[in-house]
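Work through the exercises below with the sequence and the 3D view open. Try each task before reading its solution.

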Amino acid sequence: MGFFPAGKGAMSRVRRWWIAGSVVALSAVAMAGAARAAALPVSGTWIIRDLVLRIFDCQSLVCGRIVWLRDPARRPAQCGMTIVWGLKASGPDRWSGGSILDPDKRTVYRLSAEFEPDGTLHARIFRGVPVLGRTEVLRRVDLREFSGQC
């Protein structure tokens, strides 16, 4: 007696199940690989001046949302605002072509960013040409250290 049950129909059913199982397994491996590839080195929470941003992947671009503000009076109007959007990878640790909203002035600026070897994120904020802008240094923080989160 062999490994497969007797009869052509039984062998065909086993083969179909094996093929279906293989397709499911390969799909799971491919999705896990895609999830790892989509993970950004800058995903997480970062402090810039008096606010904390959650940086995340949004449709293969980099976005950032306010998750904490030092000034409680600004929280109702600004908490949860997405103020960074459209950053596209231009290298392994570089992004360009994005925008950033100054939530106080309601002014939109252009944005590029670079993840530095020391673990900081350098954001170049400008209008027109980058050389006329300014660089803000963001450092990674643990949001649990902040009270009054959004």
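The model is predicted, so local features need pLDDT of at least 70 and side-chain atom pairs count only at pLDDT 80 or more, while totals for chains, interfaces and linings use all residues. Residues are numbered from 1 along each chain as its sequence is written, and side-chain values use heavy atoms, with hydrogens and water left out.

**Exercise 1. The fold**

Task: List the helices and strands of the protein and state how the strands are arranged.

Solution. Start with the elements, which are DSSP runs numbered from the N terminus: helices are H or I with at least four residues, strands are E with at least two. By that rule the protein has two helices and eight strands. Along the sequence they follow the pattern α-β-β-β-α-β-β-β-β-β.

Next, look at pairing, where two strands pair if DSSP finds at least two bridges between them. The eight strands close into a barrel in the order 1-2-3-4-5-6-7-8, with antiparallel pairing. From one strand to the next the twist averages 30 degrees; axes are lines fitted to C-alpha atoms, for helices over the stretch in contact, and angles run from 0 to 180 degrees between N-to-C directions.

**Exercise 2. Burial, contacts and surface**

Task: Find what share of the residues is buried, and describe the contacts and the accessible surface.

Solution. Buried means under 20% relative accessible area, exposed over 50%, and partly exposed in between (1.4 Å probe, protein chains only). Of 150 residues, 33% count as buried. For contacts (heavy atoms within 4.5 Å), take those between residues at least 6 apart in sequence: 32% of them join residues at least 24 apart. The accessible surface is about 9,700 Å², and carbon and sulfur atoms account for 60% of this area. The areas come from the Shrake-Rupley method with a 1.4 Å probe; for residues, only the protein chains shown count as cover.

**Exercise 3. The disulfides**

Task: Identify the disulfides and place their cysteines in the structure.

Solution. Apply the cut-off: a disulfide is a pair of cysteine sulfur atoms within 2.5 Å. The count is two. In sequence order of the bonded cysteines, the pairing is 1-2, 3-4.

Take Cys58 and Cys63, with an S to S distance of 1.7 Å. The angle about the S-S bond is 55 degrees, making the link right-handed. Both Cys58 and Cys63 are buried.

Now take Cys79 and Cys150, whose sulfur atoms are 2.0 Å apart. This link is left-handed, with -65 degrees about the S-S bond. Cys79 is partly exposed at 25% relative accessibility, and Cys150 is partly exposed at 47%.

Finally, check the surroundings of Cys79. Leaving out residues up to four places away in sequence, Cys79 touches Ile66, Leu69, Arg74 and Cys150. The C-alpha atoms of Cys79 and Ile66 are 5.6 Å apart, although 13 residues separate them along the chain.

**Exercise 4. The aromatic pairs**

Task: Find the aromatic pairs and classify their geometry.

Solution. Rings of Phe, Tyr and Trp (its six-membered ring) pair if their centres lie within 6.5 Å; planes under 30 degrees apart are stacked, over 60 edge-to-face, and the rest tilted. The count is two.

Trp46 and Phe115 are edge-to-face, at 6.3 Å centre to centre with 85 degrees between the planes. Trp46 is in strand 1 (residues 44–48) and Phe115 in strand 6 (residues 107–115), 69 residues apart. Both Trp46 and Phe115 are buried.

The ring centres of Trp68 and Phe146 are 4.7 Å apart and their planes are at 50 degrees, so this pair is tilted. Trp68 is in strand 3 and Phe146 in the segment after strand 8, 78 residues apart. Trp68 and Phe146 are both buried.
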